Amino acid sequence: MDYGRLTEAFNGFINWVLINGSSDYKKFCLSCSDFYDAETVARWVIVATLRNVQELDLQFSPSNAFDLPYCLMTSKSLRVLKLNLFLHVLKLPRSIGVGRLTSLDLMLVELPDEQLPQKLFLNCPFLESLSLVSCVLNKLKVLDISATNLKFLTIDNNCMGLENSDAEDGLSKSKLKFRARKLISFKYLGPLAQEYSLDNLSSLSYAFFYLIHGF
């Protein structure tokens, strides 16, 4: 089969749907592996945002780092963002607004430095649920999670079997620090972090820990 022709045809089909649609989107889900470049995916995301999408689920493998479109961080309608980059780097726009996200799920995403999560979480003041699953975190000296309204936190670095060995390191070289006075549920799977700094867990009612890699 000529996958080049198939992907080009499907590209045209998606464009046709986006252009001819008139109503707002409740959910936009795209899973396309490495068939389309980041610029193409970003254009579709921008259109979905213009249609006041409430939930965005992206699963694709960019050839390089993926620059999160600026519109996602300023959208007044977007509540749920799910992002799977297949172990590629996530970058934020230079200027970043305040979004209204209540749920953020990052899977197989590489966070290149500690400034990115700090900047991301601080600009999502309505965030209630955060999930980091099989993400590359070993380049962070500190994973600092400060979210006033955060209620559910999952950090899952049970990455055995992945080709990228950096993902398996988890937070074994890092410090985990979070301040979330409304936190109800905390799940942690992975290697022990170097250090922990946890402030004000008075609302916590459920905690689950699963330590791996022989620790």
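Let's start at leucine 211. This residue is partly exposed, because its relative accessible area is 38%, and buried would mean under 20%. Keep in mind that we are looking at a predicted model.

Where is leucine 211? It sits in strand S12, which covers residues 206-211.

Next, the salt bridges. How many does the structure hold? Five. I'll take three of them.

Here is one: lysine 27 and glutamate 55 meet through their side chains, at 3.7 Å from N to O. They link distant parts of the chain, with lysine 27 in strand S1 and glutamate 55 in strand S2, 28 residues apart. Buried or exposed, what is glutamate 55? Glutamate 55 counts as buried, because its relative accessibility is 18%. Lysine 27 is partly exposed, at 47%.

Now glutamate 110 and lysine 139. Their closest N and O atoms are 3.2 Å apart. Again, distant parts of the chain are linked: glutamate 110 is in strand S5, while lysine 139 is in the loop between strands S6 and S7. Glutamate 110 counts as buried at 11%. Lysine 139 is partly exposed at 37%.

Then arginine 179 and aspartate 144, with closest N and O atoms 3.7 Å apart. Arginine 179 belongs to strand S9 and aspartate 144 to strand S7, 35 residues apart. Arginine 179 is partly exposed, with 32%. Aspartate 144 is buried, with 11%. And there is a network: salt bridges with shared partners join Lys27, Glu55 and Lys82.

On to the largest pocket. It holds about 150 Å³ of space. Its lining includes Asp37, Glu39, Ile46, Asn64 and Phe66. Which elements give two or more residues to that lining? Helix H2 and strand S3. H2 gives the most, with four residues. By class, the lining has seven nonpolar, two polar and three charged residues.

Serine 33 has a phi near 50°, a positive value in a residue other than glycine. Serine 33 lies in strand S1. It counts as partly exposed, because its relative accessibility is 34%. Leucine 87 has a positive phi too, near 70°. This leucine is in strand S4, residues 80-91. Is leucine 87 buried or exposed? Leucine 87 is buried, because its relative accessible area is 18%, and the cut-off for buried is under 20%.

Conventions:
Residues numbered from 1 in each chain as written. Predicted model: local features only at pLDDT ≥ 70, side-chain atom pairs only at ≥ 80, totals over all residues. Heavy atoms only, no water. Buried < 20%, exposed > 50% of the residue type's maximum accessible area, 1.4 Å probe, protein only. 1 Å grid on protein atoms, 1.4 Å probe; cavity = no way out; pocket = protein on both sides within 12 Å on 5 of 7 lines; lining within 4 Å. Points joined across faces, edges and corners; volume = space filled by probe spheres on them. Nonpolar A, V, L, I, M, F, W, Y, C, P; charged D, E, K, R; others polar. Salt bridge = Lys/Arg side-chain N within 4 Å of Asp/Glu carboxyl O.
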